[in-house]
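I opened the model today and kept short notes on what I looked up. The entries follow in the order I made them.

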Amino acid sequence: MTRPLSFYIHIPYCLKRCGYCDFNTYTPGELKAGSDIAQVSNGYIDLLIAESKVARSEIDSNSPIPTIFFGGGTPTLMEPADLGRVLNSLESDFGFAEDIEITIEANPDTVSKAKLAALVAAGINRVSFGMQSAAPHVLAVLDRTHSPENVTKATNWAHEVGFEQISVDLIYGTPSESISDWEQTIDSALELPINHISAYALIVESGTKLAAQVKRGEILIPDDDQTADKYLLADEKFSKAGLNWYELSNWAKGGGECRHNIAYWKGENWWGLGPGAHSHIDGKRFWNVKHPNAYRERIAGNISPIMESEILTDIQKESERVMLEIRLKYGISKSSLSAESISNLTSYVAGGQISQDLWSAGRVALTLSGRLMADRIVREILL
Amino acid sequence: MPAIKLANAPQPASTNPAQIRNFGIIAHIDHGKSTLADRMLGITEVVEQRNMRAQYLDRMDIERERGITIKSQAVRLPWRSGIDGQEYILNMIDTPGHVDFTYEVSRSLAACEGAVLLVDCAQGIEAQTLANLYLAMENNLTIIPVLNKIDLPAAQPEKFAEELAKLIGCQPEDCLRVSGKTGEGVSELLDQIVKQIPPPVGDANAPARALIFDSVYDTYRGVVTYVRVIDGHLTTRDQIQMFSTGVRHEMLEVGVISPEPVASKGLGVGEVGYVITGVKDVRQSRVGDTITTYHNPTKVALAGYKDPKPMVFSGLFPLDGADYPLLREALDKLQLNDAALVYEPETSAALGFGFRCGFLGLLHMEIVRERLEREAGLSLISTAPSVVYRVVRGDGKELIVTNPSEFPGDKIEAVFEPIVRATVLAPAEFIGSIMELCQERRGNLLGMEYLSEDRVEIRYTLPLAEIVFDFFDQLKSKTKGYASLDYEPIGEEEGDLVKVDILLQSEGVDAFSAIVHRDKAYAYGVMMTSKLRELIPRQQFEVPIQAAIGSRIIARESIRAIRKDVLAKCYGGDISRKRKLLEKQKEGKKRMKMVGRVEVPQEAFIAALTTDADIDKAKAKAKG
């Protein structure tokens, strides 16, 4: 087997949990009362390296690694040199592709210019900042700790220390965010030295602080029509600035597309290191125990950290393929679909949600309005 | 010791009619009839203390839970009178307590010579009790007024004794006072039953005539028919014959209930018991019919036999279309025990395959539905209840309509609808709100009388259609639960009635059509269209919702086209989660019913066909 294997590396720590976030992350106090980040993350890097050795022994790929992504959590809480240790180990075990993309998610509050320089020195060549919004009252609803100025500072430093691939993450549709708040956020982002933007509509996930506030009626969710308007506005402004969409929620200048994310959409192989991390190898999905302490015990005890796995049936594989690839600019090929699916889609072609030109060229690809209806169109295809 | 050991008591088939007393108990739901009956079983020792359980005679869960009796029972109680010291046989015939079952009540009462009028002396008499009391008086029964629950702190025996005395024309001090709960006064009541109620009179040598007052299907024994022998006698050697059908049956068993069935040699004049013939369906052994013997049949049937006529119709549809055969099976089974239930297959464009069912009334409908759901484990949607309309066409032809979808769109000369006489009993302070409600429902005031200083009886004629849709719930809520209602059909009247159709994207949804008075058509249209606007999710295109009479639109709403149906987040590689979400959405799509191009969730049908009161009830049930 020579399919390339990407790596996702999970850093499950945050100094503070944001109110909307349901990712697998923990504050030091949640893990061990009274402890700080240095104590709880102590030795964590060794666990990741130990798990990567397991991956090495199970995977017989001889392709070099195409992409690596440090996500979290807050990966920038870790020492750059520690992150470098993981990378060195992976490189010596698997080899790196010449054009390898190594991304780190960064919190504008936990980086300094020196730290960013150290990340470059460790081999990281792409950075994605959690900007979310330029409006302080919106950041407050999201529970974010940074001030908008920090984002400007951080991206400029990143540019100065040599990062060529710089992205910001934005969230729209936050309660209390007006259209002009969002426009201001877009404009601020476009002034930054970046070549990539991810913009996600806020999802109120059950179990979060935000969900509880909504349930108690303290916070009102903006309606879907306004959120749709915000998407259209974003696409218009990003495009004008030369950032073109290549996936539903992602825009990039030519060559700035995140190849690690594309690997997810295209059903490539990747191994997720760390607690709660998900992996996909040739139609088998598996994921690790969620809690960092449980993960530590497993690895330390030489027990597999995998909590659960599933081998995808053909139907599930097809569902995933449609669901993921439709999100990409050129969508899926018509010839891979049943006659019934295709007939279900004709009204969307007529309605302008599926590109007429690409349809004639044999592809099902979403137009701007169609991107807003992607889930519905997927359901039409999968019947 | 007034109780007599069963073995020493007078035996069935050889009991002198002079020793027999047949009586019923007339009472409202929760006025304590079942508890009093329990107490009588205990005091007469037909049920041993250790075998006693609450509401001994109520057989179905539904009966116990709701405190109502759906089917009657007859129990043979031996009793030595504390007044004359003689042995007697008391047959207690338990009667159903609801207006829907008035006919059954009348047949139960026809099997008795007397009735105990049982009234909760904290609440006073209720409308249905009053109706049953009048029924008993029409049957010339001796009435023994009894105030129950005298142990309650809120008891007002003096006040309600006056009320009862006025109603039946006796003295307040003639009212007995008992507590079914503590047993106080129950022996005295049994003695008074012996003393006041006359023994049955019949001709022992005449051809047999026995009145069927109830008929129950039993899984093991087939139909068990409860009878009261008027003349002659029935024995196990007889072949019996149903007078109305002329059909002959073998007699497999005859016996009495005490309170479990005990086979006997037979039943003589005035006796009450059961017969089993191997019949498998209660419709072959109908309440009110006369049983006679095949070899020596009577020529004169007992008076009062009627075929039960359904008054209210509704469509019942399984939530899951695949359950249709199960629903059919469950209805077939229920009908074995319910001669009044009628049904035929119905197909709705919106709801799929189901059955159009006819019921005696609203309670009957609710009970049937509840039993189907509970006993067969089905989830059902029922369409709004409809009454029976007689439509005269332009060409003079007539049409009976029990389903709005059969209502003709044009060339209607006249429409006749069933009318009932309704009696409402309530505290006087609610007169205003009750009259307002009845007026709203096209009622005509017939009269009003004070039963006591602060309680009134209000009589109205009302179209039955106005009662079947949430009238009782409204009445209860406007009177803090104090009002009680009874009604009886009195005929039909011409009405200015129209059919309102509901259209989604210009396509009619049969399940939402309703026949309403012209003055209320607009309100119905606005209510349904705005309700549906809330219930139907946004579609790929704009969906107009309209209410129409024929081709005239009377109300409209619209559902804007959906613009966003996408979750952009990727959950950090957790593709499984996203796929499961999609699978859930796909399941949701499967549960959608297509009306033209519009996807309507099943829940929207349920919610649109449900009244607010139903929702409250469902909530209360979920909590309870």
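Entry 1. I started at the end of a helix in chain A. After α14(A) comes A:Gly352, which has a positive phi near 80°. The model is predicted, so I read this value as a computed one. I then looked up the helix itself. α14 of chain A covers residues 339–350, twelve residues in total. From its first C-alpha to its last α14(A) reaches 17 Å, close to the 16 Å expected at 1.5 Å a residue.

Entry 2. I noted the make-up of chain A as a whole. Chain A has 17 helices and 14 strands. Of its 383 residues, 43% are buried. I also looked at contacts in chain A between residues at least 6 apart in sequence, and 72% of these join residues at least 24 apart.

Entry 3. I turned to where the chains touch. How many residues of chain A are in contact with chain B? I found 32 residues of chain A in contact with 20 residues of chain B. On the chain A side, at least two residues each come from β6 (196–201), α10 (224–240), β10 (278–281), α13 (314–325) and α17 (374–382). The largest share, six residues, is supplied by α17(A). By kind, the residues on this side of chain A are 14 nonpolar, nine polar and nine charged.

Entry 4. I moved to chain B and its helix α1, residues 33–43. Is α1(B) largely enclosed or largely open? Nine of its eleven residues are buried, so α1(B) is largely enclosed by the rest of the structure. The buried ones include B:Lys33, B:Asp38 and B:Arg39, along with B:Leu36 and B:Met40. I listed what the buried residues of α1(B) pack against: β1 (20–27), β2 (73–80), β3, β4 (114–120), β5 (142–148) and α6 of chain B. Just after α1(B), B:Glu45 has a positive phi of about 60°.

Entry 5. I took the pair α1(B) and α6(B) separately. Two packed helices are described by the angle between their axes and the distance between the axes. Helix α6 of chain B runs over residues 186–196 and packs on α1(B) at an angle of about 85°, with the axes 10 Å apart. Angles of 65 to 115 degrees count as roughly perpendicular, and α1(B) and α6(B) are therefore roughly perpendicular to each other. From α1(B) the contact uses B:Arg39, B:Met40 and B:Ile43, and from α6(B) it uses B:Val186, B:Ser187 and B:Leu190. I sorted these contact residues into four nonpolar, one polar and one charged.

Entry 6. I picked one residue of strand β3 (residues 87–94) of chain B, namely B:Tyr88. Is B:Tyr88 buried or exposed? A residue is buried if 20 or more other C-beta atoms lie within 10 Å of its own. B:Tyr88 has 24 of them within 10 Å, so it is buried. Beyond its neighbours within four places in sequence, B:Tyr88 is in contact with B:Gln19, B:Arg21, B:Trp79, B:Ser81 and B:Val194. I also checked B:Pro17, which is 71 residues from B:Tyr88 in sequence and 9.6 Å away in space, C-alpha to C-alpha.

Entry 7. I ended with a sheet in chain B. Four strands form an open sheet in the order β18-β19-β17-β20, with antiparallel pairing. Its edge strands are β18 (342–348) and β20 (380–382), each pairing on one side only. The twist from one strand to the next averages 30°. β18(B) pairs with β19 (residues 352–359) of chain B over seven bridges. I noted one bridge by name: B:Thr347 has B:Phe353 of β19(B) as its partner.

Key. Residues numbered from 1 in each chain as written. Chains lettered and ligands numbered in written order. Predicted model: local features only at pLDDT ≥ 70, side-chain atom pairs only at ≥ 80, totals over all residues. Axes fitted to C-alpha atoms, helices over the stretch in contact; angles between N-to-C directions. Parallel < 35°, antiparallel > 145°, perpendicular 65-115°, else oblique. Contact = placed C-beta atoms within 7 Å. Nonpolar A, V, L, I, M, F, W, Y, C, P; charged D, E, K, R; others polar. Expected span 1.5 Å × (residues − 1). Pairing = 2+ DSSP bridges. Buried ≥ 20, exposed ≤ 12 C-beta atoms within 10 Å, placed from the backbone.
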